[in-house]
Amino acid sequence: RCYILSNENGKIQLSLRQSRLNPKISSKVEDVEITCIKDVKKGQLVRGYVKSITPSGVFFGLSTSLLGRIQFQNVSPYFVQKHSLYEKYLPEGKLLTAKVLGINGKEKHIELSLLPEDTGMPSVLPESLGLPQYAAEEEKREADNQKKSEEPKLKTKRRRGNSENELPLSSSQLLPSTIHSFFLLQEMKPKKRKICPADENDSGIEVYYREEDEDDQEQEGAEKKSKIRKPGEAPRLQVSMGFTWDEDMNAVDIPVLNQKEESSESEEEEEDPQSKLKKKTKKEKELEKQKKEKELCKVEAALMDPSRQPQSADDFDRLVLSSPNSSILWLQYMAFHLQATEIEKARAVAERALKTISFREEQEKLNVWVALLNLENMYGTEETLMKVFERAVQYNEPLKVFQHLCDIYANSEKHKQAEELYHTMLKRFRQEKSVWLKYASFLLKQGQTEATHRLLERALKALPTKEHVDVISKFAQLEFRFEDTEHAKALFENTLSSYPKRTDIWSIYMDIMIKHGSQKEVRDIFERVIHLSLAPKKMKFFFKRYLDYEKKFGTAETVLAVKKAALEYVETKSSLTDT
């Protein structure tokens, strides 16, 4: 049964929610149905399925019409460079729990988080991958950025050291030809300039050229350093927009600073960021260490709790490692993956269990085989089911495997496949009484009473004579259970008339008639039994049962009548012994 949500453009949307299938039944709803964005609140824990993974994040389906986005920094506390790793551990259709971080009602955007501190669930990426955490990765990036910002300062310092060894030229020594040879006209845009390093043939003229890739901070640093000169050094000519030979060289006024002050300022500029970085790094390391210790304490306390239920694949791995021969743990592990619709992982767990469980534990192995047959019947194809079935027959008792597969077919309402398999069993295991009885039960559940009668005749021909009474009794009990009472009574009466001293059949007949028959029919059976010539022990047993029945359902007169009949039987037996 299912509920039709919509039927548009040839596509039918269905729902299996109990609240829709049985609206009158009031039961606790584990996942509240979400139909629009108003049903979602900030801070709410919701469950949904992974829809897709894109460069902008993981898209999470909350309903058929509503999607949420999870940014990669909110998927896991670990830093992942290759997003293909998310596709492995977050396959499409995986069921997960997420927390609502924010809602944009106008644009219908929902931001979600899968982080353990938000959802209280284990991380989607296992710790065993050895991935770095986001905090450590950000610290590394900050350190790299700091190093890059220090490199230009170090280059500037080296250049200044080289220029100290050179002899400066005075303005009177500058010739027009020399100026012309070292001069380059600058563009109208004066921003983003870079100072050429001084060499041995430095003429004292500083030439600027454009550098598109340098940032504004380097420009400002270059302009400051161009103004710094030694006390005895002549001012250098600076050309900004153009050059005229009539310009007075002595009119150029450049401020001069102390060389010692320059070096001390540059050293302070270089040392301050390093010291700040070191202090910040130590604090972050200390906080990270404390956080890891707290998380470790929580994990250890949770693992020591005996009542704790496994909540992740790692938990199940620890459990099956401690009890490798327990089929219950392996089946729970498979169910854990099936709840998240991870069919392949459930198959892998079953195959791993079959390899791990000891060959001496036949029943434990059989339990896993049956679980694997159920899995293939529900999620696989007929071909994969037959392959698993053939393997199971090779490694287990064939009759048990056949019977389990018949039950699986019957429970999943695949009656045609079940009937074909029963016919195969009747040919292969015709001497097994249990096969005939299971097939009879299957037919009676389908309401095929005539086919059951014919099956009993075939069973009596195939089975040895010593099994006939038990088979007839079991068939009669099945017919009583499925309300074919008249034929069942006839089977019991025929059997008891042929074998009147089978007290076990009498007892079964009495029990069934007490449940399904009238009081008159039950009393008739008791009267027939107490007048049989049986051993005194057996007669005592039947008299006692008769008396208990009358005390429970009869009157004082009927109780006295049973006591009187018992007394007569004792007197008759004693007189016979005296003679």
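Is Tyr-422 buried or exposed? Tyr-422 counts as buried, because its relative accessibility is 3%. The model is predicted. A search of the whole structure turns up 16 aromatic pairs.

**Phe-316 and Phe-336**

- These two rings form a tilted aromatic pair, with 5.3 Å from centre to centre.
- Their planes stand 45 degrees apart.
- The pair links distant parts of the chain, 20 residues apart.
- Phe-316 sits in helix 8, residues 313-322.
- Phe-336 belongs to helix 9, residues 327-339.
- Phe-316 has 4% relative accessibility, so it counts as buried.
- Phe-336 has 25% relative accessibility, so it counts as partly exposed.

**Tyr-422 and Tyr-439**

- This aromatic pair is stacked, at 5.1 Å centre to centre.
- The angle between the planes is 20 degrees, and under 30 degrees counts as stacked.
- Here too, distant parts of the chain are linked: Tyr-422 and Tyr-439 are 17 residues apart.
- Tyr-422 lies in helix 14, which covers residues 415-428.
- Tyr-439 lies in helix 15, which covers residues 433-445.
- Tyr-439 counts as buried because its relative accessibility is 4%.
- Tyr-422, at 3%, also counts as buried.

**Aromatic cluster**

- Four residues form one aromatic cluster: Phe-526, Tyr-546, Tyr-549 and Phe-553.

Note on methods
Residues numbered from 1 in each chain as written. Predicted model: local features only at pLDDT ≥ 70, side-chain atom pairs only at ≥ 80, totals over all residues. Heavy atoms only, no water. Phe/Tyr/Trp six-rings, centres within 6.5 Å; stacked < 30°, edge-to-face > 60°. Helix = DSSP H or I, 4+ residues; strand = E, 2+ residues; numbered from the N terminus. Buried < 20%, exposed > 50% of the residue type's maximum accessible area, 1.4 Å probe, protein only.
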